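Here are some notes to read alongside the structure, written as numbered points. Please keep the sequence and the 3D view open while going through them.

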Amino acid sequence: MSGRRLLEVEDLNVSFATSRGSLQAVQGVSLTLDQGKTLGIVGESGSGKTVLSRAIMGLLPRASTTQTGSVRYDGTEILNAPNDQLRKLWSTHIAMIFQDPMTSLNPVQRIGNQITEPLRIHLKLSKDEAKETALSLLMQVGIPSPVERYDAYPFQLSGGMRQRVMIAIALACAPRLLMADEPTTGLDVTVQAQILDLLGKLQHDRDMAMVLVTHDLGVVATRTDEIIVMYAGNVVERAPTNVLFKSMAMPYTEALLQSMPRIADPSHTRLKAIEGRPPDLLHPPAGCPFAPRCPYVQSRCWEEKPPLVEAAPGHSYACWYPLTAAERPGPASSSEPSDSSSDGSSSSDGSDGTDGSAPSGRTGQSEPTETVQA
Amino acid sequence: MSSVVTDDLAEIKEEIAAEEAADPTRKKLGWLFWVCASFIVLVALLATFASLLPLPNPDLGNYSSVQNGGPSWSHWLGTDDLYRDILSRLIYGARISLVVGFGGALIGLVLGGIPAMYSAYRRGRVDTVLNTTSYVFLAFPAIVAVIAIVSFWGHALWKITLIIGLFAAPLIYRIVRASTLSYASRDFVLAAKALGASDTRILAREILPNIMPTIVSFGLIAVATIIVLEGSLAFLGLSVEPPTPSWGNMLNEGASLLTGAKGQTNPWLVIFPATAMFLLLFCLNVVADKLRAYFDVTEIKL
Amino acid sequence: MARYIAKRLVLLIIIIIFVSVAVFFLVHLLPGNPAITILGPNATPANVAAVNHQLGLNKPLIDQYFIWISHVFQGNLGQSFTTHQSTTTIIAQSFPIDLELIIFSQIIAFAIAFPMAMTSARRPNKLFDQASNGTTFALLALPPFVIAPVLVLLFAVHWHIFPGPASYVPLTQDFWSNIHTMVLPSIVLALGSIVVYFRLLRNDLISTLQEDFITMARSKGLTDRRIMWRHALRPSSISLLASAGVTISSLIAGTFIVELLLQMPGLGYQLISSINQDDYLVVQGITLFVAVAIVLINFIFDFLFTIVDPRIARE
């Protein structure tokens with residue numbers, strides 16, 4: 001695994017001009033990603049994670065969007081770059097897997113053509129060469145009898161297969177950076193695991209860097225090297241994966257973790273939802289954006305916005321009163337059949353040394369709050 | 001928005017004003033709407049009270065005037081081939097367009113709209129028959145049939161209005177039927193039914209107010225279309241008989257003069273009726289479109 | 001897919017039957033006696049009765065209908081009482097003019113509406129879009145009978161660029177003269193179509209361009225032009241096709257009007273003069289021809305619709 005720095009984002013701000021004012025979708029986000037590594041971006045709907053991934057790639061519409069800061073791919077600045085420059089990178093260097101394959105694939109074009117299109121345009125392959133490559137890609141993504149499926153239309157395939165086709169399209173020109181925006185949302189639970197495994201394998205085989213954007217902590221738990229937690233457009237915590245689960249500092253991260261249902265829970269355990277709603281991005285609050293919903297909120301949180309500080313090597317968070325070891329949740333902490341109106345009470349049980357919750361392989365969690373898509 | 005329950009009308013008004021100021025996307029009809037609506041009203045008024053205005057006789061020519069003269073102080077828009085004042089003919093001619101337009105649309109609404117509401121609401125065999133009939137009807141180019149019938153039956157104003165209205169009915173039927181259907185299955189209608197309301201009452205009190213915006217804006221489009229139809233008929237010599245002026249037959253006269261066959265040309269006889277027709281149609285379309293946009297809850301704002 | 005076509009074919013035949021009945025009875029409900037037309041105004045009642053009998057006008061209407069229909073199937077649409085030309089000849093001679101007019105005008109309409117819609121859709125609500133929206137809106141207020149005299153005034157009388165009315169030259173006679181005479185009528189007819197096509201395509205393109213798969217196509221590094229042509233246009237053309245069938249009726253009506261306005265010897269002209277001369281067989285024949293043509297065209301459009309959007313054929 002070569003450790004080349006492929007992606008560097010510095011103080012990225014994205015805002016949209018709407019009729020009601022300027023919407024601050026992403027505020028001051030910085031991150032880095034090396035080749036061969038995986039970065040997870042976690043947050044609920046409206047946290048800005050999708051906007052972030054699209055802004056990095058450069059896919060946001062220019063007209064009403066203001067982007068400031070810096071995004072560097074392999075050393076070259078690409079933020080606000082002209083479209084023809086970006087087009088040289090798209091598909092060949094950076095590719096994106098979109099959330100809903102039913103709407104992201106062209107409904108009136110055969111999937112074979114959708115795969116060969118970038119091959120013929122960017123790699124200048126002939127029609128036959130492109131078809132061969134496409135068939136081999138279909139096999140790599142695990143689609144049985146690719147020759148028969150080649151001429152199918154998207155509506156003739158199942159959800160899982162469509163997502164595999166999307167992956168095939170994204171990987172067609174062998175990009176070095178893969179952005180996966182909620183690649184498994186909406187799929188069956190069993191299929192989700194297969195797709196994630198597939199992504200992991202392909203990434204390893206091709207030594208790609210991958211960004212995995214999701215609302216589901218379970219998805220990123222074992223498949224990422226580093227995790228960024230986003231809330232209301234801000235990065236609120238960043239840490240290598242195991243560090244995050246072991247020693248999470250943000251109450252929000254804790255709340256996310258606790259809201260996940262666990263297989264080990266007894267049946268009919270109440271889900272612990274996070275109370276309240278995300279803040280209005282048109283008028284970002286002066287203090288910490290999570291203050292209205294934080295179980296540990298104190299007066300300072302309302303007045304001053306905590307900056308993102310790197311407290312331990314590689315571990316940054318933005319909180320005035322980060323969780324102490326005593327407060328952090330352990331593996332079985334949320335199994336109490338308590339009322340969901342549990343604000344103010346921390347679910348500590350003293351065990352903090354265990355690896356976060358090992359929710360590996362368990363996917364398909366419900367979203368912590370409303371299911372309005374970002 | 002804070003919802004304060006209060007009896008104070010002034011406070012409520014203040015709140016609404018504040019809300020409107022805060023949200024610039026709130027729909028308004030716009031200045032263009034009012035300009036066009038006023039124009040239509042103006043034309044209607046002029047046409048109705050034409051006889052009270054100091055206009056020269058539109059049907060008889062005044063031989064002391066110039067023939068095919070351009071605009072002048074005595075004849076603001078000039079004269080035509082038969083020494084008649086164009087302005088006067090234009091104003092009297094508006095009567096034809098407006099009567100046929102609104103009259104025909106009204107007939108179409110009554111003949112097409114009312115059965116549509118009943119049959120859409122009740123469904124069943126009547127509905128299927130009527131619906132298929134309207135499909136067949138609409139497969140015809142109506143203008144051909146109208147031309148045929150008017151040629152035989154006569155050119156009287158009321159006959160023309162009636163026929164055009166008759167042929168407008170199937171189209172109005174389809175629109176009203178579609179609108180009624182979309183409301184007929186809604187819960188509030190069921191509720192009224194459960195309370196024992198008669199069909200007529202339901203149609204009139206529950207459904208009609210909801211489909212009214214669609215009807216009004218489509219009705220105005222229908223008026224514009226009918227005016228075009230009448231104008232085309234008039235141009236072909238199939239509308240009201242001379243010397244009664246109508247914008248269509250004025251254009252006809254103007255067009256025949258253009259080719260110079262009669263030895264003179266009078267471009268004003270083309271320009272003025274054409275402009276009048278254009279303005280009226282334009283205003284009708286604008287008003288219809290603005291109304292539709294104003295009431296359309298589902299419009300996407302880009 | 002085959003079953004779908006078969007279903008539509010059956011429907012087609014039923015509609016054509018209905019249409020033929022409607023045409024027949026419509027014509028026969030009109031007052032007017034062809035016998036008098038043939039014999040002239042001085043016909044005696046005895047002669048009139050004789051001609052009536054000869055023409056079979058005394059038989060019950062139903063019988064007359066079936067006689068007519070059986071003739072139609074043999075290709076016999078009757079003949080004109082005045083000119084003694086067979087209806088089929090009349091149609092064959094005058095129809096090509098309308099056909100040429102329709103084709104020309106639609107070519108012009110597409111050539112203008114498509115690029116206009118695509119440019120508008122790329123930057124909605126910006127200057128070009130607003131201008132084109134306004135222009136097309138204004139065009140709605142310029143029906144053929146308004147715009148034709150104005151265009152003739154400008155281009156024929158004032159500037160002498162194009163010939164005026166009654167100047168049609170057949171294609172077979174002189175190619176360039178024919179084109180020359182066709183320009184103004186085609187433009188007049190095209191205007192209405194431009195409005196319809198532009199509006200539809202613009203609105204559809206705008207919503208298509210907001211779909212997810214367009215963003216995905218962008219992320220594949222495709223150029224805007226390729227995205228527009230290859231990805232956005234196809235789903236949008238579908239709704240254009242869907243409405244094309246509906247507009248064919250008014251298109252034919254418009255063609256007749258333009259033809260009559262500019263005194264071209266097409267089907268419309270023949271129809272009107274036959275009506276005026278009580279030439280009922282010709283009227284029937286032409287009307288049947290037009291109505292069946294419209295129904296057939298609708299059917300063909302439905303069929304094209306199926307090919308373009310494979311999802312429809314699943315039903």
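1. In this predicted model, helix 4 of chain A and helix 5 of chain A cross in a right-handed way. Helix 4 covers residues 111-122 and helix 5 covers residues 127-140, and the two pack at an angle of about 120° with their axes 9 Å apart. Because of that angle, helix 4 of chain A counts as oblique to helix 5 of chain A. For a reader new to such descriptions, two packed helices are described by the angle between their axes and by the distance between those axes.

2. Which residues bring helix 4 and helix 5 of chain A together? From helix 4 of chain A come A:G112, A:I115, A:T116, A:L119 and A:R120, and these meet A:A130, A:K131, A:T133, A:A134 and A:L137 in helix 5 of chain A. Sorted by class, this contact has five nonpolar, three polar and two charged residues.

3. Strand 6 of chain A runs parallel to strand 7 of chain A and is joined to it by four bridges, with A:I94 standing opposite A:L177 in strand 7. Strand 7 of chain A in turn pairs with strand 8 of chain A in the parallel sense over five bridges, and here A:A180 stands opposite A:L212 in strand 8. Strand 8 (residues 209-214) of chain A also pairs with strand 3 (residues 38-42) of chain A, again in the parallel sense and over five bridges, and A:I41 is found opposite A:V213 in strand 8.

4. Are the residues of strand 7 of chain A buried or exposed? Five of the five residues in this strand, which spans residues 177-181, are buried. A:L177, A:M179 and A:D181 point one way from the strand, while A:L178 and A:A180 point the other way, and all are buried.

5. Two further helices of chain A deserve a look. Just after helix 1 of chain A, A:G58 takes a positive phi of about 95°.

6. Turning to the other chains, 32 residues of chain B are in contact with 41 residues of chain C. The elements of chain B that give two or more residues to this side are helix 4 (125-139), helix 5 (142-153), helix 8 (199-235), helix 9 (247-258) and helix 10 (268-295). By class, the side of chain B that touches chain C has 24 nonpolar, eight polar and no charged residues.

7. B:L281, which is found in helix 10 of chain B, counts as buried because it has 24 C-beta neighbours inside 10 Å, where 20 or more are required. Leaving aside neighbours within four places in sequence, B:L281 is in contact with B:A224, B:I227 and B:V228, and also with C:L140 and C:A141.

8. The secondary structure of chain C comes to 12 helices and zero strands, and buried residues make up 38% of its 315 residues. One of the buried residues is C:L191, which counts as such because it has 22 C-beta neighbours inside 10 Å, and which lies in helix 8 (residues 175-209) of chain C. Apart from neighbours within four places in sequence, C:L191 is in contact with C:L139, C:L142 and C:I147. C:L191 and C:F175 are 16 residues apart in sequence and 24 Å apart in space, C-alpha to C-alpha.

Notes. Residues numbered from 1 in each chain as written. Chains lettered and ligands numbered in written order. Predicted model: local features only at pLDDT ≥ 70, side-chain atom pairs only at ≥ 80, totals over all residues. Pairing = 2+ DSSP bridges. Axes fitted to C-alpha atoms, helices over the stretch in contact; angles between N-to-C directions. Parallel < 35°, antiparallel > 145°, perpendicular 65-115°, else oblique. Left-handed = near helix turned anticlockwise from the far one by under 90°. Contact = placed C-beta atoms within 7 Å. Nonpolar A, V, L, I, M, F, W, Y, C, P; charged D, E, K, R; others polar. Buried ≥ 20, exposed ≤ 12 C-beta atoms within 10 Å, placed from the backbone.
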